[in-house]
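Thanks for coming, everyone. Let me put the structure up, and then we'll walk through it.

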Amino acid sequence: MINRFKNSSFYLKSIILLFVASALFACDKQTVYHSFQSIPAEGWQQKDTLSFAVEVPDSFTYYKLSVEIRNRNDYPYQNLNLSINYQTPDSTSLPTDSLQLTLADKEGKWKGTGWGSLYQSEFSVGGVQISKSGIYQFKIAYTLPDKVLSGINDIGIKLKK
């Protein structure tokens, strides 16, 4: 009986140590901002532009920008066309970029990682040169002709050093 108690205590300590170690390695010091916005279940309205207020602490730094998409099985297209732009803290708008993101291959198999009927894909958008610290407004809209776009669950952005 005492031997069983020692073994279970050892296993419990091992599990706790493994959990703590994985939590420490999971922290990403390079990520400055990472957030998602949920799209209503009835669909993404064409007139609805998503806005992300990103506080950028370091000026004169080059950041990597990624867009993340969570789509459901009922998304009707292979691609998702987006426009993205951002405003500096002094409200200067920079040129809008057009993105064509491929969510599925030609056979209709989703490219992202997924479980059940939800898939997540990450796309590198490129670099952003930040000239001064402050709050930047990133705006994302879709450019497909649909008045209401169904099948998109969440849109996110990630900014890394």
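Accessible areas here come from the Shrake-Rupley method with a 1.4 Å probe, and for residues only the protein chains shown count as cover. On that basis, the chain exposes about 10,200 Å². Carbon and sulfur atoms supply 55% of that area.

Now the ground rules. This is a predicted model: local features need pLDDT of at least 70, side-chain atom pairs count only at pLDDT 80 or more, and totals for chains, interfaces and linings use all residues. Residues are numbered from 1 along each chain as its sequence is written, and side-chain values use heavy atoms, with hydrogens and water left out.

First, the overall layout. The chain has 1 helix and 11 strands. These are DSSP runs numbered from the N terminus: helices are H or I with at least four residues, strands are E with at least two. Along the sequence, the pattern reads α-β-β-β-β-β-β-β-β-β-β-β.

Next, the sheet. An open sheet is formed by 5 strands, in the order E1-E11-E4-E8-E7, with antiparallel pairing. Two strands pair if DSSP finds at least two bridges between them. Strand E1 (31-38) and strand E7 (113-115) stand at the edges with a single partner strand each, so one side of each has no neighbour in the sheet. E1 and strand E11 (residues 152-160) pair in the antiparallel sense over 7 bridges. Serine 38 has aspartate 154 in E11 as its bridge partner.

On to the inside. Of the 161 residues, 34% count as buried. Buried means under 20% relative accessible area, exposed over 50%, and partly exposed in between, with a 1.4 Å probe and protein chains only. A nonpolar core is a set of buried Ala, Val, Leu, Ile, Met, Phe, Trp, Tyr and Cys residues joined through side-chain atoms within 4.5 Å. The largest one has 35 residues. Among those touching the most other members are Trp44, Leu80 and Ile155. Strands that each supply at least two residues of this core include strand E4 (61-72), strand E8 (118-130) and E11.

What does isoleucine 155 touch? Its contacts (heavy atoms within 4.5 Å) include Phe36, Trp44, Leu80 and Ile140, not counting residues up to four places away in sequence.

Threonine 88 sits in the loop between E5 and E6. Is threonine 88 buried or exposed? Threonine 88 counts as buried, because its relative accessibility is 14%. Leaving aside neighbours within four places in sequence, threonine 88 is in contact with Leu94, Ile135 and Tyr136.
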